[in-house]
Structure formats: C-alpha cells, structure tokens
Amino acid sequence: MVKKMNKRQRMIRGAAVFVTLAAIAVIVRAIIRKRRPRITYGPMHERDRVRFDYLDQKFWKSDVLCKNMLRFERAAFFGLCGILRDRKLLEDSPHLSVEQQLAMFLHTIGHNVRNRVISANFCRSYGTTSIYFRKALYAIGELHNDYIRPPSLETPAKIAGNHRFDPYFKDCIGAIDGTHVRAGVTKDVENSFRGRKAFTTQNVMAAVDFDLRFTYVLAGWEGSAHDATVLADALTRERGLQVPPGKFYLVDAGYGAKPGFLPPFRGVRYHLNEWGNNPVQNDRELFNLRHSSLRVTVERAFGSLKRRFKILDDAKPFFSFPVQVDIVIACCVLHNYALSQGIDEFIIPEVTWTTQPIRTTSQQASDHRATVDRRLQIAAQMWEDSVETMYLDLFDGWTDCIYDI
C-alpha cells in the first residue's frame, strides 16, 4: 500500500514539473516573439522590381503616357488615389498599392482589355486582377454622391445674358437624353435587350447640366425600353430624378411634354444637321433651333464619356450584367471628376461638335459628285435665265425700233 502511495506521488510531482516547464517554455517563446522585429513588405523579389519598372516607364513617366494609358494626367490620377486612400475606400496591401489597383482598373475600362491582358501586363495573377477590379469598381461607386449631384438652381452661365436663350430658357437646369451601351446578357433575356441596335444593349438615361456634368444617371434598363418608360421609372424611385418647382429639363420628342420637361415641336426641323444654309422660316423653327443648340450638351457629354472609356463604346462586355451597370455609373463619376480637374482632350469642344456620323471616303466622294452636279445644274439654269433675259431685251429693243420706224 505504501509503495502504491509513493508511486502516485512521484507521478503527480512529475506531472507538476512537466506543466511548470511547459509554461516556462511558452512564456520564454512569447518574450522572444515580442522582441523579434516586424516583417516589412517591399520590393523583395525580382518580380516586384519588374512591376514597379513597368508602372514607371509605361504610366507615370509623363503626362502624355499617363493620359494615353489611364485616361488621366498624373496630377488627376494621384489626386484620385489620395481621395480613395483618405476615405479608406482602397487600402495598400502587401506588394499592391492603391496606385497599382487604380491603374489596373482605369486601364481596363479605358481600353476595354480583358483581365488576362491586365494580369500579363502588370505581372499579376488572373485572380488578383479580378479581385482588385471589383474593389476599385466599388470604391469609385462610393463617390457617386460626391460627384453626381443635382444641378444648381441659378440660371446657367451659358444662358444668362445670351439673347438667343435668355429669358426664354432662364429656368432650364439641364438636358436629358438616353444612350445605348452594349450589354452582354443570357440567352433567355436577349430579346428584351435587343432594340434599335443590331446587338443587345442597355438603355442609359442621364441628366446633364450645361457644363457637361452628369447630374443624374439611371442605367440597367433593357435596350427595347422606351425613353418615356425609363423617365417614368426615374421619377418614381425613392432617390430618383427630381425637378425643382419652376424649373425644367430639355428633352427630345420621345419623352413627351409634361411639367418639368420641355420637348421640341413635332414635324418641324430640329437637329442641327437639318438646317445647313437654310434660314429659319417661322417661329416654331426658331424655337427648335435654339432648343437643339442647348440640348446638344447631353450628346456632347455622352460622346466625351465614350471617347474616354472605350468599354462603353460599342465594345462587347465580358463582365456579368450587374457589373456592367456599375461600370456605367463608375464611368460617369470619373467623367465628372475629370471635369473638376480641368478640360482635357477627351472633352469634345462645342465648336467642333457635329451630330452627323463619320462618312467613308467613298461616301464623301459621292457627296462631292452630287454637290458638283447640283452646282452645274444651278449654273446651267442661271445661264439659261441670263440668255433668255438677253433675248427678251433684244426683242424689246427690236420692237421699239420697229415702232419708231
């Protein structure tokens, strides 16, 4: 019995010693870990050096390269990076800074290149490129309320004091129109997204002030949806389009006449390319001409948007449809941000704007031949009239001579 008690005590003492030694080992290891310096991340490998060299040489070397590749000059690009970093919408990660994340995103939407091309150019994996594209897209979307804001209630500078528009349009706060952006959808809903284009599109409605800034954007409607239907949906949304009392938007005839929306007269010349050298004939044509001269602002805004971001310019999408809708909103936010940084080459000047499509060489030659034929016909008719007049004068003079005789 005594032997059993001694054996049990030895086991208990051994267990206590083991626990004590284990506790001491854990404490010592923790102390050593605390004294160990933290690992700092940086260009530790040759691959990281290649990445930084690529960005320095292809993007940030000059304003021209940065604008060609990222659609923004260096000051505007780094300013946007600072905004996203300060608001904690994007954060630096190991081996991937905010500048690199935003550069990959802007290069994708600016040139409509696939994620696999971006991953190859930036020396990143396909998964990393896709993940940070979504993060950058979400971050830009969070700036929606900061850059897409309702228009000012004051008379626009383009209208105030201009005898062509003031006081007739002094309460106008902008123009509204829709544009079709190519959409990629599943087979079961293709018919709903196929409208006047040969491919599936989404109908994007936007309100623009006379400084080319988007003040409201509604994307995601099917390409077959009528403009009036999209406008009705925008007016009924909880945070939708609102028209202040006494103010109005300029719209085309497809939206119809209703309080707050002023369309042109139907059945009367309207678009700028319909006038040419033909003067205004009546008061309705005069109204439509000035209405079109103001409402062309929204067309210029859409043209500048698609000129900057080729992912919206009839390019076949390769993202899911919800992401396509978010991309449209993000591009409008970036367009307004670009305007806040100053006018650049992607903004189409009003003096060079034309609503006529670009014509091929053969079409231009055909138009030139038609113009020459018309001029020859006019010259021939003038010659016939002059000859006829000359003969009449001679005949009158001859008869006068006869009567005198």
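Which residue in β2 stands opposite Thr179? Val204 does. This is a predicted model, in which local features need pLDDT of at least 70 and side-chain atom pairs count only at pLDDT 80 or more, while totals for chains, interfaces and linings use all residues. Residues are numbered from 1 along each chain as its sequence is written, and side-chain values use heavy atoms, with hydrogens and water left out.

**Strand β1**
- Strands (E, at least two residues) and helices (H or I, at least four) are DSSP runs, numbered from the N terminus.
- Strand β1 (residues 172–182) is largely enclosed by the rest of the structure, because 10 of its 11 residues are buried; buried means under 20% relative accessible area, with a 1.4 Å probe and protein chains only.
- Eight bridges join β1 to β2 (residues 201–208), and these two run antiparallel; two strands pair if DSSP finds at least two bridges between them.
- β1 and β4 (residues 248–250) run parallel and are joined by three bridges, with Ala175 opposite Leu250.

**Nonpolar cores**
- A nonpolar core is a set of buried Ala, Val, Leu, Ile, Met, Phe, Trp, Tyr and Cys residues joined through side-chain atoms within 4.5 Å.
- The largest has 76 residues, of which Phe77, Phe105, Ile109 and Ile327 touch the most other members.
- Helix α11 (residues 321–340) gives the most to this core, with 14 residues.
- Another core, of 15 residues, lies apart from it and includes Ile176 and Leu231.

**Helix α9**
- In α9 (residues 227–236), the buried residues are Asp227, Val230, Leu231, Asp233 and Ala234.
- They lie on the same side of α9, because they cover an arc of only 160° around the axis, taken from the directions from the helix axis to the C-beta atoms.

Key:
Buried means under 20% relative accessible area, exposed over 50%, partly exposed in between (1.4 Å probe, protein chains only).
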